[in-house]
Amino acid sequence: MDKTIFMLGSITHAFKGRDYLQAKGYKVYVDRPSKELDPTGCGYVLTVHGDFNTVKSLLDEVCVRIIKIQRSDVT
Amino acid sequence: MIYFDNAATTFPKPDTVLTAMVQSMQSLGANPGRGGFAMSIAVAEEIYKTRETASKLFGAAGAECVVFTHNCTHAINFALKGVLKKGDHVVVSNLEHNAMVRPLTALAKQGITVDFAPVSEGNSEKTVQAFREKIRPDTKMIACMAASNVFGIRLPIMELGQLAKEKNLLFLVDSAQTAGIIPIDVKKCNIDYLCMPGHKGLYGPMGTGILIVNNPDQMGTIIEGGTGGNSDMLVQPEYLPERLESGTVNMPGIIGLGAGMNFVMEQGMDHLYSHEMNLAKKAYEGLSSMKGIRLYTNYPDNGAHVPTISFNIGDLSSSIVAGKLGKEDIASRSGLQCAPVAHQSMGTIDGGTVRISFSAFNTEQEVIKFLEITNKML
């Protein structure tokens, strides 16, 4: 299963994305970004387990502003 | 005390608002949306919940379209000054509050022009026609209040939204006197910018307001600063709500506003409106039966008014009357109520009026007492 970390513009967008994905049955949580993802130490990330393309299109569907994406296969 | 100055700010507030604010100060004191520690995330979550509540209540496209401001005036300034450019023309009503008129007067120095359309009490068609006649090729926006803060006259927001859409104009609505008692859906009414105070019909504390942005594309900023994210960028983020929310937000105020909106939803806007209009009708009936009382509107009608009544006693100064009511522990508002344009339009610019306005917490007994005391002044 894909694990994707979406770097988002703000905590508002993180919560919006989290709630929408959770309502669709995804395991998702809000956290701070790693230094690798965001050297400034600012911003928030959404970590999601699930098919990347589906998750990405769901976030796009509700206009969640994605700044950066980090993908990994955890299966 | 009998508090009939709810058009200025509602008092008292529901206990749930006070409790939510105190608890937030005691246990959620971190800066929201800035830190990664639990308290900062928790308080950001509470603020997000309030955004979601407002979004649902007013039909916004999403929680991010809800921008917290200091008050309704602040929201109106954001929308007018963020959108209008030199050469733009705006049509407003002839009942507007200074919250609308003063920013537009300031913008006149930058080459923005304004026309005032007369509102016909209880006649939506005539009002819309008056707005239509003021539209010019350079008109960019229709901007108006949803109801008069002085006379309680409602404007036909749905129909004016249709006019704006038909003419491809932006539509800004000041819902200071309707938010919390009359449902407004920004999408259904074609509203681009909906401005409201948090401390009136939404029962939040003073220092809170909301701007719902239904059209972010044309919106510039008038304040820039830290937003908690994208801190490496020296320019303001493009996305809402951070684009319009620089600096630390009023956390306890916003959480109190959330509790206030929950109160409104639990009570139901229809119930609140009906209750307050019944009080306004009772007050109007009593006042109209007294010789020497001057009223300026028709009998309060549920479709055409909000629960706000203006009156005078003979030639007595409105401030004298409000002062006498004050001595009897009745709170009312005298003078021009920050709306000289409305008073000019209604013929009351010389001395203004005494205004009474109601909330969920007023009772029929209070109206009876008010009428008894007023009757003694005649």
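How many residue pairs are in polar contact between chain B and chain A? The count is 11 residue pairs, with both partners at pLDDT 80 or more. Please keep in mind while reading that this is a predicted model. Here are my notes, point by point.

1. **The interface of chain B and chain A.** The side of chain B that touches chain A has seven nonpolar, nine polar and eight charged residues. Chain B brings 24 residues to the contact, and chain A brings 18 residues. Between them the two chains bury about 1,600 Å², with 56% of that area on carbon and sulfur atoms. On the chain B side, the residues that lose the most area to chain A are B:Tyr48, B:Glu64 and B:Tyr239, which together account for 34% of what that side buries.

2. **Charged pairs across the interface.** Two salt bridges are found across the interface of chain B and chain A. B:Glu64, already mentioned for the area it loses to chain A, also meets A:Lys16 in a salt bridge, at 2.7 Å from N to O. There is also a salt-bridge network to look at, and its members are A:Arg18, A:Asp19 and B:Glu45. Over all chains, the whole structure holds 14 salt bridges.

3. **A linked set around B:Arg136.** Within chain B, the side chains of B:Asp115 and B:Arg136 form a salt bridge at 3.6 Å, N to O. This pair links distant parts of the chain, 21 residues apart: B:Asp115 sits in strand S4 (residues 113-117), and B:Arg136 in the loop between helix H5 (124-134) and strand S5 (139-145). B:Arg136 also meets B:Asp138 in a salt bridge, here at 3.0 Å, N to O. B:Arg136 is partly exposed at 33%, and B:Asp138 is partly exposed at 31%.

4. Is B:His89 buried or exposed? B:His89 is buried, because its relative accessible area of 0% falls under the 20% cut-off. This histidine belongs to strand S3 (residues 89-93) of chain B. Leaving out residues up to four places away in sequence, B:His89 touches B:Asp115, B:Arg136 and B:Asp138, among others. The list of its contacts also includes B:Thr113, B:Val114, B:Lys134 and B:Met141.

5. **The pair B:Arg294 and B:Asp315.** These two side chains meet in a salt bridge at 4.0 Å, N to O. B:Arg294 lies in strand S9 (residues 293-295) and B:Asp315 in the loop between strand S10 (308-313) and helix H9 (318-327), so the pair ties together parts of chain B that are 21 residues apart in sequence. B:Arg294 is partly exposed, with a relative accessible area of 38%, whereas B:Asp315 is exposed at 79%.

6. **Helix H11 of chain B.** The helix runs over residues 364-377, and at 1.5 Å a residue its 14 residues should span 20 Å; the end C-alpha atoms are 20 Å apart, which agrees. Which residues of H11(B) are buried? They are B:Glu366, B:Val367, B:Phe370, B:Leu371, B:Ile373, B:Thr374 and B:Met377. An α-helix has 3.6 residues a turn, so residues three or four places apart point the same way. Reading the buried residues with that in mind, one can follow B:Val367, B:Phe370 and B:Thr374 among them.

7. **Backbone points to check.** Most peptide bonds are trans, and most residues other than glycine have a negative phi. Against that background, B:Phe11 and B:Pro12 are joined by a cis peptide bond, with omega about 0 degrees. B:Pro12 is in the loop between strand S1 (2-3) and helix H1 (15-27) of chain B. Another cis peptide bond joins B:Leu240 and B:Pro241, with omega about -5 degrees; B:Pro241 is in the loop between strand S8 (209-213) and helix H7 (251-267).

8. **Positive phi values.** A:Cys63 has a phi near 60 degrees and is found in the loop between helix H2 (52-61) and strand S4 (66-73) of chain A. A:Cys63 counts as exposed, at 53% relative accessibility. For B:Tyr203, phi is near 65 degrees, and this residue is buried at 1% relative accessibility.

Notes. Residues are numbered from 1 along each chain as its sequence is written. Chains are lettered from A and ligands numbered from 1 in the order in which they are written. This is a predicted model: local features need pLDDT of at least 70, side-chain atom pairs count only at pLDDT 80 or more; totals for chains, interfaces and linings use all residues. Side-chain values use heavy atoms; hydrogens and water are left out. Helices (H or I, at least four residues) and strands (E, at least two) are DSSP runs, numbered from the N terminus. The expected span of a helix is 1.5 Å times one less than its number of residues. Buried means under 20% relative accessible area, exposed over 50%, partly exposed in between (1.4 Å probe, protein chains only). Contact means heavy atoms within 4.5 Å. Buried area is the accessible area (1.4 Å probe) that two parts lose on being put together, summed over both. A polar contact is a pair of N or O atoms within 3.5 Å; within protein, one must be able to donate a hydrogen and the other to accept it, and residues adjacent in sequence count only if both atoms are side-chain atoms. Ala, Val, Leu, Ile, Met, Phe, Trp, Tyr, Cys and Pro count as nonpolar, Asp, Glu, Lys and Arg as charged, and the others, Gly among them, as polar.
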